[in-house]
Amino acid sequence: FPALKRTAQHDPDAKVVAEALAQMSRLLGRTVPQSHSRFGGTAKENIPLLIVSMSHPNGAVVSSASRLAKMYGEEARALTTWLIASLRDKEKGDTYSRRYIAMDALARIQDPSAVKALTEVLYEEDRHIRFNAIYALSRFGPAAKEATGRMRELLKQADYEEREYLL
């Protein structure tokens with residue numbers, strides 16, 4: 001883990017950085033949270049790296065950083081600002097994947113300040129992006145109350161598949 005972290009911090013090749021972050025996520029996914037501190041995998045130790053990575057101009061690096069962030073759940077609330085920026089940025093490459101990962105990470109972190117940005121996504125044309133926003137908002141429970149008006153509007157005009165998602 002320390003070698004992957006050093007690679008993610010210092011390698012000039014964006015593909016290598018993205019892969020190092022992806023491998024860090026895989027390692028965290030295979031271990032219990034209580035063991036993360038033994039190999040330098042705690043959120044507190046890695047938030048600075050994730051903040052830098054989420055500001056990277058390469059979409060693959062941002063996606064990999066978001067995947068790693070979602071592994072930390074609520075411990076990663078310091079990343080909410082960057083995840084929201086990633087969600088709102090429709091110009092960078094690999095847009096769908098990166099935005100989906102940002103929504104998934106926001107759902108796991110459950111910072112109430114993300115509800116407004118997720119609610120904005122409900123107004124987009126792409127139904128798959130909307131589905132992901134609905135899923136993310138569903139994880140917030142009562143904290144997502146401000147999204148219920150738009151969800152009701154969507155329910156009125158929804159086809160069968162959309163109704164399944166909304167209900």
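## Basis of the model

Because the model is predicted, local features are taken at pLDDT of at least 70 and side-chain atom pairs count only at pLDDT 80 or more, while totals for chains, interfaces and linings use all residues. Residues are numbered from 1 along each chain as its sequence is written, and side-chain values use heavy atoms, with hydrogens and water left out.

## Overall make-up

The protein has ten helices and zero strands, where helices (H or I, at least four residues) and strands (E, at least two) are DSSP runs numbered from the N terminus. Of its 167 residues, 47% count as buried, a term that stands for under 20% relative accessible area, with exposed meaning over 50% and partly exposed the range in between (1.4 Å probe, protein chains only). Among the contacts with a separation of 6 or more, 63% join residues 24 or more positions apart, a contact being heavy atoms within 4.5 Å.

## Helix 1 against helix 2

Helix 1 (residues 2-10) and helix 2 (residues 14-29) pack at an angle of about 150°, and their axes are 8 Å apart. That makes helix 1 roughly antiparallel to helix 2; angles under 35 degrees count as roughly parallel, over 145 as roughly antiparallel, 65 to 115 as roughly perpendicular and the rest as oblique. The axes are lines fitted to C-alpha atoms, for helices over the stretch in contact, and the angles run from 0 to 180 degrees between N-to-C directions.

On the helix 1 side, Leu4, Lys5, Thr7 and Ala8 meet Val16, Val17, Ala20, Leu21, Gln23, Met24 and Leu27 of helix 2. By class, this contact has eight nonpolar, two polar and one charged residues, with Ala, Val, Leu, Ile, Met, Phe, Trp, Tyr, Cys and Pro counted as nonpolar, Asp, Glu, Lys and Arg as charged, and the others, Gly among them, as polar.

## Helix 3 against helix 4

The axes of helix 3 and helix 4 come within 9 Å and cross at roughly 155°, and the two helices are therefore roughly antiparallel to each other. In helix 3, Ala43, Asn46, Leu50, Ser53 and Met54 meet Val61, Val62, Ala65, Ser66, Leu68, Ala69 and Tyr72 in helix 4. The residues of this contact divide into nine nonpolar, three polar and no charged.

## The nonpolar core

The largest nonpolar core holds 46 residues, of which Leu21 and Leu118 touch the most other members; such a core is a set of buried Ala, Val, Leu, Ile, Met, Phe, Trp, Tyr and Cys residues joined through side-chain atoms within 4.5 Å. Several helices each supply at least two residues of this core, including helix 6 (95-109), helix 7 (115-121) and helix 8 (127-138). Helix 2 gives the most, with seven residues.

Leaving aside residues up to four places away in sequence, Leu21 touches Ala8, Leu49, Ser53, Val61, Ser64, Ala65 and Leu68.

## Two loop residues

Ala76 lies in the loop between helix 4 and helix 5 and, at 0% relative accessibility, counts as buried. Not counting residues up to four places away in sequence, Ala76 touches Ile47, Ala69 and Ile109. The C-alpha atoms of Ala76 and Ala105 are separated by 9.0 Å, although these residues are 29 residues apart along the chain.

Pro57 is placed in the loop between helix 3 and helix 4, and at 69% relative accessibility Pro57 counts as exposed. Pro57 and Ala14, 43 residues apart in sequence, are 9.0 Å apart in space, C-alpha to C-alpha.
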